[in-house]
Amino acid sequence: MGERIGEKMSTWRFPGVLQRIGVCYLVAGLIWLKTTRRAQIAITAALLFGYWILSTVVPVPGSGLLGAATLDRPSETLAAWLDRAVFGAHVWSQSKTWDPEGLLSTLPAIATVFLGIFAGELIGSRKPLSERLSELFAWGVGWTIAGAVWGWFFPINKNLWTSSFTLFTAGLGALVLGLCIWMIEVRGWKGKWTTPFIVFGVNPILAYVGAGLMAKLIYSIIRVPWNGGTISLQAAIYQTAFLSWLPPKAASLAFAISFVLVWLAILWPLWKKGVYVKV
């Protein structure tokens, strides 16, 4: 037993989504407290352009290839080399040679936080609502277009968290947020349709961590008898409750929606009682 635990610990993953969120919030928060808006904009630009240069122009140690030639091969990028050099085997188990939440790609992730800060400060300002919405939509269109154009040279890639991905997704987020504010605050389209979003919004960490743990349990840990052998609980549910009467793509979508609804049912009574899990 001790040997098995030791073997697992030797490959425990150090980076991760929550770890990245914590690091990015800490760094961006400290910079926000100590700098001016102009400096924050300059830092955001430096993070995006600096990551672009590091990822495309700098030769990758070992292979000598320029980063631009490795962008379609995540395990051969400069970011992957750095992750292996620092973390060794303690990276994402599904890749083994690189990590989507690694060190180098944390730089543009910090820029993502700053773009969110800029949008949040705008929304919370004392400008008239119409002016705030106009600016938010303008930023959304500008960031989306800039990210799409940048994607021609530095492809939009979530796993590498490319600078184009940062701008493109921030732009789409600003547009969706602006649309929601317009629908609810300007048009007054309030009603029960907003409640599920509130339920998830007040307990996002619990929803994320809990859903991840549940997925781990039903996808790999809990196994059930099946045709003389065993399969994961998820596979059994998927095949009996969904694939038995739906085509594969529709069955997959139905399972995903059902998983979300299960967590809505879990979080609903907590929301009703005002129980919010915070870090």
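What percentage of the 279 residues of the protein count as buried? I began with this question, keeping in mind that the model is predicted, and I found that 33% of the residues count as buried.

**Entry 1: overall layout.** I went through the elements and noted eleven helices and two strands, which run α-α-α-α-α-α-α-α-α-β-β-α-α from the N terminus on. I also looked up the extent of the chain, and the C-alpha atoms fill a box of roughly 65 × 60 × 40 Å along the principal axes.

**Entry 2: the two strands.** Val-224 stands opposite Ile-231 in β2. Two residues lie between the strands of this hairpin, and I noted that Asn-227 takes a positive phi near 50°.

**Entry 3: salt bridges.** A search of the whole structure gave me seven salt bridges. I followed Glu-101 in particular, which forms a salt bridge with Arg-13, with the closest N and O atoms 2.5 Å apart. This pair links distant parts of the chain, 88 residues apart, since Glu-101 is in the loop between α4 and α5 (106-123) and Arg-13 is in the loop between α1 and α2. Glu-101 is buried, because its relative accessible area is 9% and the limit for buried is under 20%, whereas Arg-13 is partly exposed at 31%.

Glu-101 also forms a salt bridge with Lys-158, and here the closest N and O atoms are 3.4 Å apart. Lys-158 is in the loop between α6 and α7, 57 residues from Glu-101, and I recorded Lys-158 as partly exposed, with a relative accessible area of 39%. When I looked at how these residues connect, I found Arg-13, Asp-99, Glu-101 and Lys-158 linked in a network of salt bridges.

I also checked the salt bridge of Lys-127 with Glu-135, whose closest N and O atoms are 2.7 Å apart. Lys-127 counts as partly exposed at 32% relative accessibility, and Glu-135 counts as partly exposed at 21%.

**Entry 4: aromatic rings.** I counted 13 aromatic pairs. The ring centres of Phe-14 and Phe-87 are 6.3 Å apart and the planes stand at 75°, so I noted this pair as edge-to-face. Phe-14 is in the loop between α1 (2-9) and α2, while Phe-87 is in helix α4 (residues 78-87), 73 residues apart. Phe-14 counts as partly exposed at 45% relative accessibility, whereas Phe-87 counts as buried at 15%.

The rings of Tyr-51 and Phe-154 have centres 6.0 Å apart and planes at 50°, so I listed the pair as tilted. Tyr-51 lies in helix α3 (residues 37-56) and Phe-154 in the loop between α6 (129-150) and α7 (163-186), so the pair ties together parts that are 103 residues apart in sequence. Tyr-51 is buried, with a relative accessible area of 2%, and Phe-154 counts as buried at 1%.

Elsewhere, I found that ring pairs link Phe-49, Trp-52 and Trp-150 into a cluster, and that Arg-20 lies over the face of Trp-161, at 5.7 Å from the ring centre.

**Entry 5: a surface patch.** Finally, I looked up a nonpolar patch on the surface, with about 700 Å² of accessible area together, formed by Val-17, Leu-18, Ile-21, Tyr-25, Ile-205, Tyr-208, Val-209 and Leu-213. The elements that give two or more residues to this patch are α2 (17-34) and α9 (204-221). I checked Val-209, which lies in helix α9 and counts as partly exposed at 32% relative accessibility.

How values were computed. Residues numbered from 1 in each chain as written. Predicted model: local features only at pLDDT ≥ 70, side-chain atom pairs only at ≥ 80, totals over all residues. Heavy atoms only, no water. Patch = residues over 30% accessible without salt bridge, like charges linked within 9 Å, V, L, I, M, F, W, Y side chains within 5 Å. Areas by Shrake-Rupley, 256 points an atom, 1.4 Å probe, with all protein chains shown as cover. Salt bridge = Lys/Arg side-chain N within 4 Å of Asp/Glu carboxyl O. Helix = DSSP H or I, 4+ residues; strand = E, 2+ residues; numbered from the N terminus. Buried < 20%, exposed > 50% of the residue type's maximum accessible area, 1.4 Å probe, protein only. Phe/Tyr/Trp six-rings, centres within 6.5 Å; stacked < 30°, edge-to-face > 60°. Lys NZ or Arg CZ within 6 Å of the ring centre and 35° of its normal. Pairing = 2+ DSSP bridges.
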